[in-house]
Each structure stands twice: as structure tokens, then as C-alpha cells.
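I opened this notebook to record what I looked up in one structure. The entries follow the order of my reading.

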Amino acid sequence: MAGTDRGKSGATADLGPVIVLVEPQLGENIGMVARAMLNCGLTALRLVRPRDGWPNPAAVAASSGADCVIEAVEVHETTEAAIADLHRVYVTSARERGMVKPVVTARRAAEEMRALAARGERVGLLFGPERSGLFNDDIALGDVIVQVPLNPAYSSLNLAQAVLLLAYEWYQLGDDTPARELPLHGGVPAEKGQLIGFFERLEETLDAVGFFFPPEKRPGMVRNLRNMFERAGLTEQEVRTLQGILSALQGAKLRRAPRSEPQSEA
Ligand code: SAH
């Protein structure tokens, strides 16, 4: 599958939260949860009383190859049984529950779960049924409520999207992908000496054709040109290409020059 390297494992999985779905209704959502989890390196999925039983072919189809998550699913009769071996439980809700319990954002939940896992604590993240959300009795079993801050007039996420959002935040904190990069694919950034050599040759070439006019504007024009090429972040190969362009233009000029001479009749 595109974007998937089967040779790589979800190496972070053992540190990540266990995902618990209480009374999930649609197999498709369970499959999409498994997919979202594996995208984010999570593999432990527990189901409490899934409406359509387990295994569920609709879940397998929707999981789109996240087999290791589907195959390791645990099914429990009660929420209590599903969380019995965990040290901390974060419960998720789209709405206020009127309970005196800390409420955190998804980002904060991820930070706390990472800190707890680093101390060796097993953490669970509980999600409720599509129609009703978690029962208040399940919320009461949790340490912390996670409420993803969204449009107050429409804040209820699809179950699998809620899992993705939480799992994504968790994954991001352990990921060091640069926010922006320029892959050079084996190329090497040009050294300043090579660049300056190109600048000087370009400027000589432009001098020869009278480009810098009027002459008093030359220093500013040279700086502008140099800034343009500096912004490009050129590789060694790219500077060689530019040098090649100058050589080709000079060669063309030399080749053109005889044609501008009067033709001999002989
Ligand atoms: N209709 C339900 C929401 C069900 S959505 C209600 O009004 O509560 C299914 C599950 O996705 C929820 O039980 C919760 O676990 C999660 N979820 C959806 N939106 C969320 C949000 N904004 N913040 C945290 N969890 C959310």
C-alpha cells in the first residue's frame, strides 16, 4: 500500500495508550479506529460489548490492512474488566458532564500520557458509542476527561476521527520530523567560494554586454542578483549547471560573432 513500509514496525506501540471502545456500534468505525491507531503506532485495542459481536467482517474490511491491531483485539463484557490492568484512564467526551474531574485538551492529554508512560504506568483512552457517547458511569471510572476543543455549536466527532485526533497528538510528541525540509537527494549544498566564483563570472559576463546601466546602479544591481541566487539555496550541481549556462551562452556568442561579419564573396 502506498505510504506503508511493511518492513517497519510500530516500534512505539508498547508505550502508547490502550484504546478502549465502549459499545461501538458500526464495524466500519472499529476498522477505521484500528487503521488510525496503526497510523500512529498504537496497537492495543479493546472492545466492550461491541454491538455486532466480534470478529466483525465490516471492521476487517475498513481496517485496510491494519491486521496486527485487528488480530490482537480483546473483547470484554464490562468497562471495569477492560481497564482492570491499567494505572490511568483518560475518558473522552464531546460535551460537559457536570462532574468534578479535570478536563484537558487532546494535546495536553498526549503530554500527560507520555509522561505517565515514561514512568512505567499503563494508560487507557476510553471512547463511547457513536449514538450516546460514554455513559456517565464510565466517565466516573476515569482519572481525566479529554474534550477536544472544537466548534462549540458542532463539536461531536466521528468515533474513528476522535481516535485519530488523540492518537495523532500522542504520536506527534514522539516524532522529530522537521516542520520543513528540502531533501537534496544526495546533492551537496554549494560552498560560498563556489557561489562567489559563479557570481563574479556572471557579473563579468553581464559587464561585457553592458547590462549594468547606468553604471552607478551597478553595486545595487549586483547585490540584488546575488540575493536572488542566495535565496535559491543552490547545490554544487546546480552551480555547475549555471556555470555551464554561462559557458554555453559565451560559446553561442562566439559562434554567432562570425555571422555578423560581412560574408566574403569568394
Ligand atoms: N453523540 C455523542 C458523541 C458520540 S461520538 C455525544 O453527544 O456525546 C463517539 C465518541 O467519540 C465519543 O463518545 C467520544 O469518545 C469521542 N468524541 C467525539 N467528539 C469528541 C470531542 N469533541 N472530544 C473528545 N471526544 C470526542
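The entries below treat the model first, then the sheet, then the ligand.

I note that this is a predicted model, in which local features need pLDDT of at least 70 and side-chain atom pairs count only at pLDDT 80 or more, while totals for chains, interfaces and linings use all residues. Residues are numbered from 1 along each chain as its sequence is written, and side-chain values use heavy atoms, with hydrogens and water left out.

Strands are DSSP runs of E with at least two residues, numbered from the N terminus, and two of them pair if DSSP finds at least two bridges between them.

I then followed strand 1 (residues 18–22), which runs parallel to strand 6 (residues 123–127) and is joined to it by 4 bridges. Val-18 stands opposite Gly-124 in strand 6.

I turned to the ligand. Around the ligand are 20 residues, of which Thr-92, Arg-95, Val-148, Ser-155 and Leu-157 come nearest; a residue counts as near if one of its heavy atoms lies within 4 Å.

I checked polar contacts (pairs of N or O atoms within 3.5 Å). A polar side-chain atom of Thr-92 is 2.5 Å from a ligand oxygen atom. A ligand nitrogen atom lies 2.8 Å from a polar backbone atom of Ser-155.

Note on methods:
A polar contact is a pair of N or O atoms within 3.5 Å; within protein, one must be able to donate a hydrogen and the other to accept it, and residues adjacent in sequence count only if both atoms are side-chain atoms.
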